[in-house]
Amino acid sequence: MEKLDDFKKKKLLNAVRTGDSAAFNEIYHLYRQKIHGYAYHFTRNHEEAEELTQDAFVKLWENRTKIDAERNFEAFLYTLIKNNFLGALRKKAREKSYQNESIKQEQSFNTIEEQLDVKESKRIAQEAIDCLSPQVKKIYLLSRNEHHTHEEISQLMGISKNTVSNHLKKSLGIMRRYFKTYSPETILSFLLIIFC
């Protein structure tokens, strides 16, 4: 930064105070590098430091009527800048906190929604099971709920393994059609319930 004698600096600051944009541009060029360094010290990021530097000079222009050429201008400038930087950091922290809270709420909502979908799918699956004939229903429940093999079901019911297999295919077809009719959007949930 170029050194200015006190008289020239006071004259320049008084001109800025009255709204002289040429004087403001001169102040900008004199202090820009120093302010950018100060901003970088806060952010450790060149883009953010550049943005904060520009914001600081906007604030300086907005507060130009508060400039007192008889007082320490650098102290005034750095107080203005520090407050601006701290405000920006607080805003950034609030935005990050808000983002984190939004993500948590969205995840919570998705979890609740998924639980409701599963609950609804189980209810529809039970309705579909209740529509099966007694023998097909019994074979389905032995297979899916009690986890018996086709061989075990065939021995328990005194029927062939092919009959067990055919009845299971029939039950799954009936249930799939039931889901497509009464809840087409939950067909994926149906498949998960059936195969898990």
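Predicted model: local features only at pLDDT ≥ 70, side-chain atom pairs only at ≥ 80, totals over all residues.
Reader: Which residues do ring pairs link into a cluster with Trp61?

Author: The structure holds 4 aromatic pairs. Ring pairs join Trp61 into a cluster with Phe24, Tyr28 and Phe57.

Reader: Is the pair of Phe24 and Phe57 stacked or edge-to-face?

Author: The ring centres of Phe24 and Phe57 are 6.3 Å apart, and the planes stand at 80° to each other. Because planes over 60 degrees apart count as edge-to-face, the pair of Phe24 and Phe57 is edge-to-face.

Reader: How many residues apart in sequence are the parts that this pair ties together?

Author: Phe24 belongs to helix α2, which spans residues 21–43, whereas Phe57 belongs to helix α3, which spans residues 46–62. The pair therefore ties together parts whose separation in sequence is 33 residues.

Reader: What is the geometry of the pair formed by the rings of Tyr28 and Phe57?

Author: The centres of the Tyr28 and Phe57 rings lie 4.8 Å apart, with their planes at 70°. The angle is over 60 degrees, so the pair is edge-to-face.

Reader: Is Tyr28 buried or exposed?

Author: Tyr28 has a relative accessible area of 17%. Since buried means under 20% relative accessible area, Tyr28 counts as buried.

Technical notes
Residues numbered from 1 in each chain as written. Heavy atoms only, no water. Phe/Tyr/Trp six-rings, centres within 6.5 Å; stacked < 30°, edge-to-face > 60°. Helix = DSSP H or I, 4+ residues; strand = E, 2+ residues; numbered from the N terminus. Buried < 20%, exposed > 50% of the residue type's maximum accessible area, 1.4 Å probe, protein only.
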